[in-house]
Amino acid sequence: MDQLDKLSIENLIFYLTVPLSSIIILANLFIIVGIACNRQLHNTPNYFFLSLLVADLFTGIALPFIPRMSLDRKLDFKNCLLMYILPNFLFLSFLFNLVMVHYERYLCIVSPLHHSQFWVHRCFPMALLIVWIPPLLYASLPAFGWNNWVEPNANKSSDLNETAGNYTGGDEVCSYKQVFPETFIYLEVYGLVLPAMLSIAGMTGRVLWIARKQVKNICKLQRAVDRLQQQSDHEQQLNMRYAKCVAAVSLTFLVCWVPYIIYQLIAMAALQSGVSSSSSTLYIIMSCTGIGGMAVIPMILGLANKQYTEPISRLICKLRNRNRAGQNSRDIAL
């Protein structure tokens with residue numbers, strides 16, 4: 001890859017990720033402040049969601065750097081490890097937190113009367129450690145020796161000199177292939193990322209099935225009472241709410257999950273074939289939109305809950321009223 005192509009890819013990543021990253025950061029700060037200011041939300045379920053928001057905030061900060069992990073750079077060993085390990089840890093911690101939030105809410109729906117007796121509520125600190133410590137340990141494995149790093153002077157006749165391109169002989173070329181062995185990548189994708197996605201999809205499907213079953217039971221009870229016209233209207237409203245819920249879940253899946261799935265398929269196909277796809281425009285676009293789409297999920301869940309946004313909304317309304325009052329007083333004075 002020449003310098004002109006690399007510059008165009010850098011610009012493409014910048015224009016795709018920086019606006020999305022800014023929106024994710026601001027939205028997460030907005031929701032975090034809303035939860036912190038409302039004491040009624042200081043409970044275990046919202047603490048899990050707060051942990052997810054913090055992980056999503058860090059993912060939003062690291063979002064412009066994650067697509068750049070496919071590009072080669074001239075860095076020494078320590079900086080190269082930091083460049084790859086830190087974004088990978090932030091993404092894995094975000095994924096673990098997302099699974100934990102879905103799991104906790106799944107338990108509340110499946111067993112609403114006994115959900116507080118499950119281990120995620122009784123051992124809340126342990127549950128938080130589970131969503132942060134294992135991603136850190138796994139992402140740090142390359143720093144403990146599980147890597148393909150080769151010093152430039154140790155193997156001058158290898159493919160490192162081809163990757164180096166225009167670099168000088170003593171420069172160290174940093175690429176994901178040197179930090180992450182193929183076994184590490186396969187284990188992360190098929191052992192961590194894919195099971196997490198399947199578990200979220202399974203829990204979401206189970207919740208929708210339970211909701212549909214409850215709607216049918218409510219409709220059966222309503223048919224047994226009088227006022228058939230009113231009850232049929234209410235039954236139609238229930239079915240409409242369920243249809244909206246299914247539509248929202250489907251739209252979220254299409255917008256947030258499908259681009260990431262396509263990105264993973266392209267990446268794994270390129271890894272298996274041995275062909276580098278980092279210079280492909282489609283690969284760059286799908287990596288930016290795929291990871292960014294996943295980071296939007298907590299933002300959607302948070303902004304959809306009025307309890308999370310109510311304190312900030314009140315503050316904005318107060319500022320607007322003060323501004324209007326100030327303008328009215330100026331008009332009266334004139």
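Helices (H or I, at least four residues) and strands (E, at least two) are taken as DSSP runs, numbered from the N terminus. The protein has eleven helices and two strands, which follow one another from the N terminus as α-α-β-α-α-α-α-β-α-α-α-α-α. This is a predicted model, in which local features need pLDDT of at least 70, side-chain atom pairs count only at pLDDT 80 or more, and totals for chains, interfaces and linings use all residues. Residues are numbered from 1 along each chain as its sequence is written, and side-chain values use heavy atoms, with hydrogens and water left out.

Of the 334 residues in the protein, 40% are buried (under 20% relative accessible area; exposed is over 50%, partly exposed in between, with a 1.4 Å probe and protein chains only). Pro67, in the loop between H2 and strand E1 (73-74), counts as buried because its relative accessibility is 3%. Pro67 lies 216 residues from Tyr283 in sequence, and their C-alpha atoms are 9.2 Å apart.

Helix H2 (residues 44-62) packs with helix H10 (residues 281-303) at an angle of about 140°, their axes being 9 Å apart (axes are lines fitted to C-alpha atoms, for helices over the stretch in contact, and angles run from 0 to 180 degrees between N-to-C directions). H2 is therefore oblique to H10; angles under 35 degrees count as roughly parallel, over 145 as roughly antiparallel, 65 to 115 as roughly perpendicular and the rest as oblique.

Leu129 belongs to helix H5 (residues 124-139) and is exposed, at 51% relative accessible area.
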